[in-house]
Amino acid sequence: DTLVVGGGVMGLNIAYQLKRRDPDHQVTVLEAAPALGAGSSGYSTGFQRAYYSFDETMGFALDGINAHKNWQDYLADTSAVARFVETGALWMLGYDEAQNAAMVERLAKFGVGADVLDEAAMGERFPLINCDPMPKFDAEGNEVDQGLGAFSAVYEHGCGHMDSSTCLEDLHRACVRDGVDFRFKTKVAKFTLDGGRCTGAQLADGSAIEAATTVNAAGPWFNALNETVGVKNSTTSLPTRIQVGHKYIPDEYCSLPFVADGWGDSGIYFMPRAGNNQLVFGSVAHRFESEIVDPDDYNDALDPDVKQDYLNCLFHRLPGLETSGEIVGFSSMYTVNQDDVHPVIGESNVPGLWACNGFSGHGFKLAPAVGSLVAQQITGLKTDAWETSVAHDFMGPGREPLTLKVKT
């Protein structure tokens with residue numbers, strides 16, 4: 001009935017949600033890699049939060065987070081291993097007190113607790129974090145006045161993370177239990193058409209699989225497959241290189257929240273992983289997220305200049321953190337929607353072919369809700385649990401690009 005191309009967190013949740021509502025619905029998942037987690041999903045930090053600029057996206061994220069926080073119930077599997085680890089999140093994005101208070105009010109409407117913190121409150125709550133803005137310098141090395149006002153931040157309660165690899169393993173086990181057919185080391189060469197409708201896929205070995213519905217959840221390889229049948233979306237999503245580092249931290253830093261640091265000329269996030277005393281850090285600024293790559297041929301290391309830029313920001317924000325020690329890093333890919341950084345989900349202009357892409361680094365938390373949305377669209381069925389109520393066309397492939405209030 002449904003052929004899902006891509007065995008990442010989106011493909012798995014779509015397959016699972018299809019089988020949840022109709023055990024007789026036949027689902028096959030094709031994955032080019034020999035095992036789970038070879039693409040973007042396996043490199044995800046698995047971070048979960050509700051702080052978004054659109055109410056629809058905020059609700060959509062919370063639908064996904066609800067499944068992750070109740071993981072064994074969602075999967076109907078008491079042996080599921082992944083666990084939600086709550087850390088909270090600190091949003092230091094350069095907004096003033098009034099703007100942050102408005103965000104706290106919006107979050108409250110969705111049942112999410114949050115606080116506005118000034119510098120004094122930060123000193124009491126997170127004394128390890130320096131509240132001075134990251135300075136900016138011109139080409140001659142002179143500090144530039146950034147015209148910043150008083151420090152203000154939002155602390156969002158209930159945020160946290162899950163281990164992405166363990167989530168994929170749990171999902172795969174639940175899907176197999178429910179009868180999903182998985183085929184690893186199975187590369188799709190192109191989609192197939194009959195009378196203008198997508199009828200499935202032709203594989204790299206020349207064989208074909210027919211399906212009433214096909215879902216393109218191929219992550220960074222999404223566009224190449226779409227081009228084989230002339231799919232035209234209203235927005236453009238491109239594979240974008242993302243660089244991540246991590247270093248050892250002593251115990252006192254393990255209780256820090258996730259921090260998004262856009263205060264001054266910074267542009268990083270950092271988050272502790274208390275289980276192994278590691279601090280994971282990466283980008284929230286466009287200057288770190290602008291390299292479009294070939295998903296089959298890109299540098300998967302952490303660039304020395306990016307590492308140094310990250311560390312300059314990190315040690316400014318955490319001045320007591322030991323600067324010595326090994327920094328380990330890697331590069332992976334987001335598929336970034338260049339027009340509105342929101343995903344593209346729904347039936348494309350080619351009937352029978354669904355798009356599921358453009359998550360721009362936000363996908364992992366959304367995935368159970370994405371599975372619900374796509375399964376609702378394909379089957380017309382909605383169950384009494386683990387569903388999303390987001391409008392089916394809000395993120396549709398033919399929508400007008402969303403007018404972004406804040407790129408968060």
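Predicted model: local features only at pLDDT ≥ 70, side-chain atom pairs only at ≥ 80, totals over all residues.
Residues are numbered from 1 along each chain as its sequence is written, and side-chain values use heavy atoms, with hydrogens and water left out. Helices (H or I, at least four residues) and strands (E, at least two) are DSSP runs, numbered from the N terminus.

**The 8-stranded sheet**

- An open sheet of 8 strands runs in the order β6-β9-β5-β17-β18-β19-β16-β20, and its pairing is mixed; two strands count as paired if DSSP finds at least two bridges between them.
- The edge strands are β6 (114–117) and β20 (327–337), and each has a single partner strand, so one side of each is left without a neighbour in the sheet.
- From one strand to the next, the twist averages 20°.
- Inside this sheet, β16 (residues 237–248) and β19 (residues 278–283) run antiparallel and are joined by 4 bridges, with Lys-247 standing opposite Leu-279 in β19.

**Helices on that sheet**

- Helix α4 (residues 97–109) lies across β6 and β9 (153–156), and it runs at about 170° to β6. Axes here are lines fitted to C-alpha atoms, for helices over the stretch in contact, and angles run from 0 to 180 degrees between N-to-C directions.
- Helix α8 (residues 304–317) packs on the sheet too, touching β5 (89–92), β16, β17 (258–261), β18 (268–273), β19 and β20; contact means heavy atoms within 4.5 Å.
- The direction of α8 makes about 115° with that of β19.

**Two crossing helices**

- Helix α2 (residues 55–69) and helix α9 (residues 363–379) have axes that come within 7 Å and cross at roughly 100°.
- That angle is why α2 and α9 are called roughly perpendicular to each other (angles under 35 degrees count as roughly parallel, over 145 as roughly antiparallel, 65 to 115 as roughly perpendicular and the rest as oblique).
- The residues that meet include Phe-60, Ile-65 and His-68 in α2, and Phe-364, Leu-366 and Leu-373 in α9.
- By class, this α2 and α9 contact has 10 nonpolar, 2 polar and 2 charged residues (Ala, Val, Leu, Ile, Met, Phe, Trp, Tyr, Cys and Pro count as nonpolar, Asp, Glu, Lys and Arg as charged, and the others, Gly among them, as polar).

- Strands β12 (residues 188–194) and β13 (residues 197–203) pair antiparallel over 6 bridges, and Thr-192 has Gly-200 in β13 as its bridge partner.
- β12 and β13 form a hairpin with 2 residues between them, and Gly-195 in the turn has a positive phi of about 65°.
- β13 also runs antiparallel to β14 (residues 208–210), joined by 3 bridges, and Gln-202 stands opposite Ala-208 in β14.
- β13 and β14 make a hairpin with 4 residues between them, where Gly-206 in the turn has a positive phi of about 95°.
- Elsewhere, 3 strands form an open sheet in the order β3-β10-β4, with antiparallel pairing.
- β4 pairs with β10 (residues 160–161) over 2 bridges, and the partner of Glu-86 in β10 is Gly-160.

**The second largest pocket**

- The second largest pocket holds about 280 Å³ of space. On a 1 Å grid over the protein atoms alone, where a 1.4 Å probe fits, a pocket is an open set of points with protein on both sides within 12 Å along at least five of seven lines, and lining residues have an atom within 4 Å of a point. A volume is the space filled by probe spheres set on the points, which are joined across faces, edges and corners.
- Of its 15 lining residues, the closest to the centre are Ser-44, Thr-45, Asp-163, Arg-273 and Val-280.
- α6 (164–177), β16 and β19 each give two or more residues to the lining.
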